[in-house]
Amino acid sequence: MLENIRIVLVETSHTGNMGSVARAMKTMGLTNLYLVNPLVKPDSQAISLAAGASDVIGAAKIVDNLDDAIAGCSLVVGTSARSRSLPWPMLDSRECGIKSVQEAQQAPVALVFGRERVGLTNDELQKCHYHVSIHANPEYSSLNLAMAVQVISYEVRMAWLAAQQQAQPAWEESPYPLVDDLERFYQHLEQMMLQSGFIRAANPGQVMSKLRRLFTRARPERDELNILRGMLASFAKKDRE
């Protein structure tokens with residue numbers, strides 16, 4: 001189950017942080033590390049600060065963009081330390097651990113951490129089903145990257161240990177679509193709205209962002225998403241007649 005959980009670091013600027021994150025992961029049984037467009041590649045400092053978790057660094061997958069890192073996942077959770085202009089479904093760190101372990105039984109899960117200084121962009125956060133915030137001391141809530149990964153990884157491990165004590169359910173295919181399928185749906189929806197004149201390519205405004213939030217909040221299952229795609233295809237066919 002833990003092998004199905006990815007820790008994703010976006011545009012990390014310090015190799016020492018990569019090593020510290022690898023150490024934080026391995027102490028909690030996580031080994032699946034993705035590096036999205038790192039500003040520098042892992043080096044000897046990363047190996048040194050990994051302190052025995054060099055295997056995690058060595059096996060890290062380096063990809064060009066966030067879409068590649070979350071491809072094939074059914075659940076994506078992004079870390080966000082501050083309020084955004086467009087509110088999103090939120091989890092605390094404990095809820096994040098529980099939900100990650102539940103979904104990792106059926107499909108890969110991505111836990112996404114942003115840049116050291118500025119975190120994740122709004123566009124990146126909109127690719128996530130949930131945002132997670134660590135409830136630190138409001139008077140001093142400064143957590144470095146490895147600390148944040150350690151807290152979330154600990155909650156994942158606690159949820160995993162609790163799951164081991166319960167009867168193991170029969171494996172079932174995840175009822176939720178993968179993020180790849182959701183992106184294709186959003187592209188299809190935007191295309192239909194452009195063709196109908198509901199939105200304009202030159203000034204789409206926040207319509208797509210608000211619709212992403214709507215469907216993220218509703219979290220349609222795979223069959224429901226297929227119905228929505230079928231509706232859009234039917235509308236397109238009707239327009240051609």
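A contact is a pair of residues with heavy atoms within 4.5 Å of each other. In this predicted model, 86% of the protein chain's contacts between residues at least 6 apart in sequence join residues at least 24 apart.

**Overall form**

The protein chain contains 10 helices and 7 strands. Its radius of gyration is 19 Å, close to the 18 Å that the globule rule gives for 241 residues, so the chain is as compact as a globular protein of that length. The C-alpha trace spans about 65 × 45 × 35 Å along its principal axes.

Of the 241 residues in the protein chain, 45% are buried. The accessible surface of the chain comes to about 12900 Å², and carbon and sulfur atoms account for 50% of that area.

**Cysteines**

The structure holds 0 disulfides.

| Cysteine | Nearest cysteine sulfur | Distance |
|---|---|---|
| Cysteine 73 | Cysteine 128 | 11 Å |
| Cysteine 128 | Cysteine 96 | 10 Å |

A disulfide requires cysteine sulfur atoms within 2.5 Å. With its nearest cysteine sulfur 11 Å away, cysteine 73 is in no disulfide; cysteine 128, whose nearest cysteine sulfur is 10 Å away, is likewise in none. Residues count as buried under 20% relative accessible area. Cysteine 73 has 0% relative accessibility and therefore counts as buried. Cysteine 128, at 1% relative accessibility, also counts as buried.

How values were computed:
Residues are numbered from 1 along each chain as its sequence is written. This is a predicted model: local features need pLDDT of at least 70, side-chain atom pairs count only at pLDDT 80 or more; totals for chains, interfaces and linings use all residues. Side-chain values use heavy atoms; hydrogens and water are left out. Helices (H or I, at least four residues) and strands (E, at least two) are DSSP runs, numbered from the N terminus. The radius of gyration is taken over C-alpha atoms; the globule rule is 2.2 Å times the number of residues to the power 0.38. Buried means under 20% relative accessible area, exposed over 50%, partly exposed in between (1.4 Å probe, protein chains only). Accessible areas come from the Shrake-Rupley method with a 1.4 Å probe; for residues, only the protein chains shown count as cover.
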